[in-house]
Amino acid sequence: MKVRLLSVRGLDRRDRDYRRVLQEAAAVLRAGGLVAFPTETVYGLGASIEVPGAVERIFAAKGRPPDNPLIVHVAGPDDARRLCTRWPEAAQAAADAFWPGPLTLILPRSSLVPEAVSAGLPTVAVRAPAHRVARDLIQLAGPLAAPSANRSGRPSPTRAEHVLAELGDLVDVVIDDGPTSVGVESTVVDLTGPVPLLLRPGGIGVDSLREVLGEVEVPLPWDPAGEGAAADPRLARSPGTRYRHYAPSTRLVVVRAGPARDLEAAVEGVRREIRRLRQEGLKVAVLGADEVTRALSGEADAVVPLGPYTDSVQAARRLFDALRRVDDAGVDAAVAHTYPPLGVGLAVNDRLLRAATEVRGAGAAGGGEAAAGGNRGAAGGGGPVPRRVLLVCTGNTCRSPMAAALLRALAVEAGLDLEVRSAGTGALEGAPATPEAAAALAQRGIALGDHRARLLQEADLAWADLVLTMTRGQRDRLRDAYPQAAGKIWTLGEQGGRPERDVEDPIGGGEARYRATLDEIETLLRRLLARWRGQEGT
Ligand code: TXA
Ligand code: MG
């Protein structure tokens with residue numbers, strides 16, 4: 001197929017050439033063709049939802065898994081309402097505040113939405129884009145289903161050249177209107193439940209959403225290398241979050257700069273990774289803030305700067321192009337770092353971490369996630385005696401409920417006045433504890449009662465004086481996601497005087513494994529209590 005590249009760069013909307021391009025593209029869409037067009041976030045690959053068979057061509061062109069639904073782009077709330085069976089107040093408020101713009105709302109789907117668009121889900125994703133070309137196309141051709149115009153799994157396109165390079169012979173028309181302004185995709189929020197739920201961080205920050213919607217739930221953690229996303233069953237509602245994504249072909253190491261927004265830690269972490277990779281004989285590029293690329297330009301084989309460290313808006317705008325440029329830099333590997341997780345910075349980190357082949361901590365020695373926050377370890381043994389302790393694991397069915405029940409019992413024994421809760425970063429709400437966990441506790445004469453798994457909420461973190469995770473990975477993801485609570489988040493090992501110990505998940509390991517896990521938890525808790533008792537006395 002011969003693609004037609006139609007440019008409107010530099011043209012005024014009233015120019016006849018601009019209008020001709022839009023008319024031509026709209027005609028292609030109405031005939032069931034595929035048109036790649038700019039939005040303010042990234043270029044989309046559009047098809048009409050009103051022409052039978054058109055949407056299916058999108059899946060074929062992208063190589064997109066058929067169970068990953070598409071966003072329907074509309075002119076505004078009136079269009080959107082027709083596509084939904086419910087249009088709650090929250091939807092209207094969000095649309096009033098953020099449309100046209102980079103926000104996608106998930107709502108119950110009406111019969112006007114073809115099955116293929118929603119990949120069989122009972123919901124539909126709707127968004128009114130702000131870009132002039134997108135708006136004019138929708139005006140002329142009606143609602144458009146459009147994913148990002150990249151091959152599935154690749155970085156999203158922020159320039160027409162990206163689309164041509166990747167999908168050039170699979171689309172009918174590409175409209176070029178220059179680089180996009182936001183640079184990362186829309187924020188996706190599910191409004192089908194009682195509380196709005198963030199399904200994908202994007203162009204609209206969580207804080208801005210909360211100003212309009214009140215409470216917004218943010219599942220944990222936005223960890224690409226996928227573990228976190230896969231661990232939260234609710235993210236299955238947004239199938240796109242399941243796949244590794246945005247990946248350049250080059251090996252990509254991402255250093256978590258940590259919740260302290262510590263530029264120095266980012267520089268040191270990136271430097272350490274450059275050295276490690278170069279020792280393997282690799283050529284290495286640095287991808288990151290100007291301050292970082294400048295500091296390390298003498299030590300790397302190439303640099304791809306993204307603007308000032310505190311300017312995550314600029315980093316978002318440049319990110320996807322930069323990820324593609326890494327592949328052209330003639331290097332074997334690239335090292336990048338995360339940004340302060342504020343505003344669109346959360347989306348930048350999400351995309352970087354999803355693109356990563358390896359994620360490393362920023363801390364000093366050792367490398368690996370284990371090193372994250374390592375420079376904080378020394379302080380792990382300190383702090384005043386807490387009154388409210390939150391124990392966190394992943395599923396809240398084994399480790400954290402066992403630890404919570406045991407800590408309650410030990411506190412009573414020690415005469416300490418302590419409130420204890422537990423929760424999981426990926427818990428399936430209401431799931432019972434595993435029978436092995438209850439059995440291991442029963443051996444010590446402790447009843448687990450009718451424990452039901454709870455998904456960790458931001459309110460839990462606000463409630464607690466001390467948050468104890470089972471592993472260093474959990475600790476780091478929590479600190480990243482909740483920088484305001486970072487100072488009270490530790491591993492049980494750190495607080496129990498064994499900072500190098502993670503309490504691993506015993507699930508699937510049989511009763512003996514559970515007993516060993518509980519023994520380990522008890523050792524750490526007893527050491528911790530001994531220290532607290534000592535402090536209470538002074
Ligand atoms: O900024 C954007 O949103 C861009 C531009 C082109 O508008 N589009 C975009 O589309 O990023 P796509 O297909 O690359 O990503 C859409 C995301 C995917 O993660 C998908 O799983 C999710 O939205 N999604 C779509 N429909 C959904 C639904 N009914 N329920 C939950 N998630 C849905
Ligand atoms: Mg995409």
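Colleague: Why is Arg154 called partly exposed?

Modeller: Its relative accessible area is 22%. Buried means under 20%, exposed over 50%, and partly exposed in between (1.4 Å probe, protein chains only), so Arg154 counts as partly exposed. This is a predicted model, in which local features need pLDDT of at least 70, side-chain atom pairs count only at pLDDT 80 or more, and totals for chains, interfaces and linings use all residues. Residues are numbered from 1 along each chain as its sequence is written, chains are lettered from A and ligands numbered from 1 in the order in which they are written, and side-chain values use heavy atoms, with hydrogens and water left out.

Colleague: What makes Glu166 buried or exposed?

Modeller: Glu166 has 14% relative accessibility and therefore counts as buried.

Colleague: Why do the side chains of Arg154 and Glu166 count as a salt bridge?

Modeller: A salt bridge is a side-chain nitrogen of Lys or Arg within 4 Å of a carboxyl oxygen of Asp or Glu. For Arg154 and Glu166 the N to O distance is 3.0 Å, so the pair qualifies. Arg154 is in the loop between strand 7 (144-145) and helix 7 (160-167), and Glu166 is in helix 7, so the bridge ties together parts twelve residues apart in sequence. Helices (H or I, at least four residues) and strands (E, at least two) are DSSP runs, numbered from the N terminus.

Colleague: How many salt bridges does the rule give?

Modeller: The count is 45. Among the linked residues, Arg251, Arg272, Glu273, Arg276, Glu280, Glu358 and Arg360 form a network.

Colleague: Which residues does His337 touch?

Modeller: Contact means heavy atoms within 4.5 Å. Not counting residues up to four places away in sequence, His337 touches residues including Val254, Val270, Leu287, Tyr309 and Leu352. Ala289 is also one of them, and the His337 side chain reaches the Ala289 backbone nitrogen at 3.0 Å.

Notes:
Polar contact = N/O pair within 3.5 Å; in protein donor to acceptor, adjacent residues only side chain to side chain.
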